[in-house]
Amino acid sequence: MPEVIRPDGRIEEADWTLVRYPASNDPKPKATGKAGLARNTGEAAAPPELVAALPVPPSGRVIVPLALWQARREELQRRFDAGEVGVWLDACEEVETLVAAVDLAAVPLLALDFPKAGDGRAYSSAALLRRRYGYRGPLWAVGDVLRDYFVFMFRCGFDTLLPRPGRYTHAQLAEAASQLGLFKQPYQGAVDDPRPLFRRVQRAPLHA
Amino acid sequence: MYRYDDYDQAFIDARVAQFRDQTRRYLAGELSEDEFRPLRLQNGIYVERHSPLLRIGIPYGVLASAQLRAIAHVARVYDKGWGHFSTRQNIQLNWLKIADIPDVLAELAKVRLHAIQTSGSCVRAITADHFAGIAPDEEVDPRPFAEILRQWSSLHPEFAHLPRKFKFAVTGAKSDRAAIRVHDVGLAFYKDAAGEVKVRVYVGGGLGRTPTVGVVIADALPWRQLLNYCAAILRVYNRYGRRDNSYKSRIKIMVQSLGAARMRELVEAEWAFDKDGPSTLTEEELARVSLGFAPPPYEKVASENAALARLQVAGEEHPDFARWLNRCVHGHKQRGYRAVTLSLKRRGVGPGDVTADEMDAIAALAERYGFGVLRSTHTQNLVLPDVKLVDLFDLWRELDSLDLATPNTGLLTDLVCCPGGDLCALANARSVPLALAVQEQFADIERVADLGEIDCNISGCINSCSHHHVGHIGILGVDKEGSEQEWYQIALGGEQGFDARLAEIVGRALAAEEIPAALAKVLDLYVEERRPGERFIDTFRRIGIDPFKIRLYGDRARVEKKYA
C-alpha cells in the first residue's frame, strides 16, 4: 500500500485509491522550448472519451478526477453519499469549477494534483479552498509530491501528502518527517497560520 | 543597515542545514538531476560551462564591509579568488564545487549573507535604487519596504513554484535608478499631498526575448497594503501565467495578452479578499524595520563652501581628480557628505569583476570613509554611500592606487556586460572580450568624457542580463547558425527610468571585431550632429535611427531594412 504523510509527521497507509488517467494521456514535451509540458489553466484535463472510458474500481474508497465526477455523477452518487468518493483536481483546472461541481460540505475528500513538482498552481488552489471557500475536510496532495516541498504543501492547507508510489522508501519518508520542523518560524502567513511573523511574535527592536 | 534578529538568523541557518542535506542526497543519488535543479537554483546555484556558479544575494544592493570580507574569504578558499558583480546587484562566484557549496553558504550565513532565491522560478532577490536613503531627490526610503518584501517572499509556500522567475525592483526617488519598468513588478514609493506613503505599482516589465515596459496597475496603493497587493499579483500570475512554454511564461506575456485594464481587474478582485487580512503591514513593523535603515551618525557641517573651494584647487592641480569628482561623486541628502562610485569598469578587467584582495581593500575603505557599508549598483559598480566632502581627495588617491578611480561613471566605457560565453552556458557570444575591445578603442578618457553620458550595454545572448534593450547603445550577441565567428546586433535609443524605452535594432549583425569601429562610426555621427548640451540619447531622439543606419551600412541600409 502506498504511504501518506501527515502534518505531525505520522506516516500512514493510504486508504483511498487514486483513479488516474492512463499515463499515455500525459502531455508530451514539445520539440522546442524548455518547459513545454503543462496545460494552461482553463484547458480541459482530459478529452470526454477518456473520461467516459476510465475504469473506476467497483468498490472501496476512490478519488476520481473532477471531469469524471462531472460526467458520471449518477453512476457514483450512491457511493458518494456513502462517503466513498473523493474528487481530485488537475493543476490546469480551476478551483472555482471544483467548488461549483462538488458540495464541499458533503465531499469526504479532495485532492489536488502536482503534475510535476515545478507546477505550483495547486498551492494556490489549496489556499483558496481553505481560506476562500472554507473547505475543512481532508485535502490531499497527489502527483509529483516531493519531500523537499512537504512543508510548503502543509503550509498551504494540505493535510495529507501522497508521493508517487515507489518514489520514497519508508525510511526516507521517516527522515523527511523528522525534518518538517526545520524552519520554526516562517516569515509569512499562510493557511496553517495566517499571521506573518511580525504578528506572531514580538520581534526585538533593531538598531541602526 | 538592517541587522538580523534571532528569527532572521535561525531562518538562514536552517536554510543552510536544509541545503546541506539536499546536496548530500543529490551526491548519494537519492535526488535526480531534475529534482535537484530547482533546489540548487533557489539557492543561487547554476551549473555553468566549466563549473557551478553561486549567485550570492545582496538584498537591495546594501552590503557591509564584514560581508564583503567574507565573500573575499570564500572566493579565495573555495574559488579562484575573484567575483563578478551582476546587474542584479548580486555577486557571483564562478568556480565552485557542488560538494563545497553547503560550507560556503555556512560561512556566508555567519555574516548574514545567503543565496536564497537569487535564481529559480520564484520571487528573486529584490533590487533597489543604489542611492536609496541618501539621494537628494528621494521622497521615501524604499529599503525598509524591500526588506519587508524580502522576508515575506523568502520561502513563501504558495509562490514557491511560479511559472517563471519573478523580479521586483523598488525606488522612492523622483528619478528611477533601479530600472523598475523593466521588472516583473516595479514599485515606486512616494508621498501624497497629505504626506502619506503611497506606492505606484508597475507590472509586466521585462527584457529577454520579449522586451516589454511595465504598465501601472495601481497608482496610489497605501503602503500598509503592500504585501496584500503583491500577493494578489502573484496569485493571479501563479494561477494563470503560462506554463506550457518557458519563453512565454513571464508575467509580461500575461499582461500583454490580457491588457493592463484586465490585469488590474483580476488583481483588484483577488486583493479584495485579503485587503485587511493579517498580512496588512503595521506602523510597528515598519518602524522596527526602518530603524535598521536609520541615518548613520553623520557629522554636522555648517557649510560646504570651504571644502568645495579646496576641492576646486585640488582639481586644478590634478585634472584626473577633477574628472573623477565630476563623474564618480554624487549628491547626498546630508550636508557635507557625498556618495562615491567605485568604477568596476577598468581597462583590461571584465566589467564588474573584482579580486578578493580588492574586496578586502574596498571593505577597509568603506570603514575608513564611511560607516562600513557599501552599495552595489545594477550597472555593476560599487558605491561608498557616506563619504565626507573633506575626505574626497584622500579617498581618490587611495582609489586611484587600487585602479578603482576610472572617471567613467555614466560614460560610454561604464559598460554593463554579462559574463558571456566565457562562463555562461546560455550565451551565444563572449561579451567580455568585446567589452574589453571597446574599452581599448575608447581608452582616451578625454574623448569619452566629451561624448558625455551614454549607457552602453552588452549582452551575450537574448536573455538580456545586461539590459541591452534599455541601453542608449545596446549590443547583443546573436547566433548565426554554422558560423564560427561571433556576431552582434547593435540597437540604439533605449532608455531606463520612469519613461523607459526600448532600443531599435540598427541593422544586420556585425562580426565581433567590427563592433568597436562600428561604435566609433555611431559616435562620430553623434558628434557631428549634436547641438550644444545634447546627450547622445537626445540627439538620437531628434534625428532618429535612419542617419545611423546609413552611417553604419551605407546605402545597403535601405535594402536591409527588413532586418531592422
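## Close-up views of a predicted two-chain model

**Figure 1. Domains 1 and 3 of chain B and the contact between them.** Taken over C-alpha atoms, the centres of domain 1 of chain B and domain 3 of chain B are separated by 29 Å. The structure shown here and in the following views is a predicted model. Each of the two domains contributes to the contact, with 20 residues from domain 1 of chain B and 20 residues from domain 3 of chain B. On the side of domain 1 that touches domain 3, at least two residues each are supplied by β3 (62-64), α3 (65-78) and β4 (82-85) of chain B. Helix α3(B) gives the most to this side of domain 1, namely seven residues. By class, the side of domain 1 that touches domain 3 comprises ten nonpolar, eight polar and two charged residues. Chain B as a whole is divided into domain 1 (6-110), domain 2 (134-290), domain 3 (305-401) and domain 4 (416-563).

**Figure 2. Packing of helices α1 and α4 in chain B.** Two packed helices are described by the angle between their axes and the distance between the axes. For helix α1 (residues 6-27) and helix α4 (residues 101-110) of chain B, the axes come within 9 Å and cross at roughly 175 degrees. This crossing angle makes α1(B) roughly antiparallel to α4(B), because angles over 145 degrees fall in that class. From α1(B), the residues in the contact are Ile12(B), Asp13(B), Val16(B), Phe19(B), Arg20(B) and Thr23(B). They meet Ile101(B), Pro102(B), Leu105(B), Ala106(B) and Ala109(B) of α4(B). The residues of this helix contact divide into eight nonpolar, one polar and two charged.

Figure 3. Asp13(B) lies in helix α1 of chain B.

**Figure 4. The interface between chains A and B.** Contact between the chains involves 44 residues of chain A and 47 residues of chain B. On the side of chain A that touches chain B, the elements that give two or more residues are α5 (121-132), α6 (150-155) and α8 (197-200) of chain A. Of these, α5(A) gives the most, with five residues. The side of chain A that touches chain B consists of 22 nonpolar, eleven polar and eleven charged residues.

**Figure 5. The largest nonpolar core and Ile233(B).** In soluble globular proteins, nonpolar side chains tend to be buried together. Here the largest nonpolar core holds 236 residues, and the members that touch the most others are Ala141(A), Val170(B), Val201(B), Val203(B) and Ile233(B). Helix α6 (residues 226-240) of chain B provides the largest share of this core, eleven residues. Neighbours within four places in sequence aside, Ile233(B) is in contact with Val185(B), Val203(B) and Val267(B).

**Figure 6. Helix α7 of chain B and its surroundings.** The buried residues of helix α7 (residues 251-258) of chain B are Ile251(B), Lys252(B), Ile253(B), Met254(B) and Val255(B). These buried residues pack against β9 (197-203), β10 (215-222), α6 and α8 (260-274) of chain B. Gly259(B) follows α7(B) and has a positive phi, near 90 degrees.

**Figure 7. The loop residue Cys465(B).** Cys465(B) lies in the loop between β17 (456-459) and β18 (473-478) of chain B. Cys465(B) is buried, because 24 other C-beta atoms lie within 10 Å. Residues up to four places away in sequence not counted, Cys465(B) touches Thr87(B), Cys418(B) and Ser459(B). Cys465(B) and Leu207(B) are 258 residues apart in sequence and 8.3 Å apart in space, C-alpha to C-alpha.

Figure 8. Gln89(B) is not a glycine, although its phi is positive, at about 60 degrees. Gln89(B) lies in the loop between β4 and β5 (91-93) of chain B, and counts as buried because it has 26 C-beta neighbours inside 10 Å. Leu155(B), likewise not a glycine, has a positive phi of about 55 degrees. Leu155(B) lies in the loop between α5 (143-153) and β7 (168-171) of chain B. With 23 other C-beta atoms within 10 Å, Leu155(B) is buried.

Definitions and conventions: Residues are numbered from 1 along each chain as its sequence is written. Chains are lettered from A and ligands numbered from 1 in the order in which they are written. This is a predicted model: local features need pLDDT of at least 70, side-chain atom pairs count only at pLDDT 80 or more; totals for chains, interfaces and linings use all residues. Axes are lines fitted to C-alpha atoms, for helices over the stretch in contact, and angles run from 0 to 180 degrees between N-to-C directions. Helices (H or I, at least four residues) and strands (E, at least two) are DSSP runs, numbered from the N terminus. Angles under 35 degrees count as roughly parallel, over 145 as roughly antiparallel, 65 to 115 as roughly perpendicular and the rest as oblique. Two residues are in contact if their C-beta atoms, placed from the backbone, lie within 7 Å. Ala, Val, Leu, Ile, Met, Phe, Trp, Tyr, Cys and Pro count as nonpolar, Asp, Glu, Lys and Arg as charged, and the others, Gly among them, as polar. Domain bounds come from an automatic or database domain assignment. A nonpolar core is a set of buried Ala, Val, Leu, Ile, Met, Phe, Trp, Tyr and Cys residues joined through C-beta atoms within 7 Å. A residue is buried if 20 or more other C-beta atoms lie within 10 Å of its own, exposed if 12 or fewer, and partly exposed in between; C-beta atoms are placed from the backbone.
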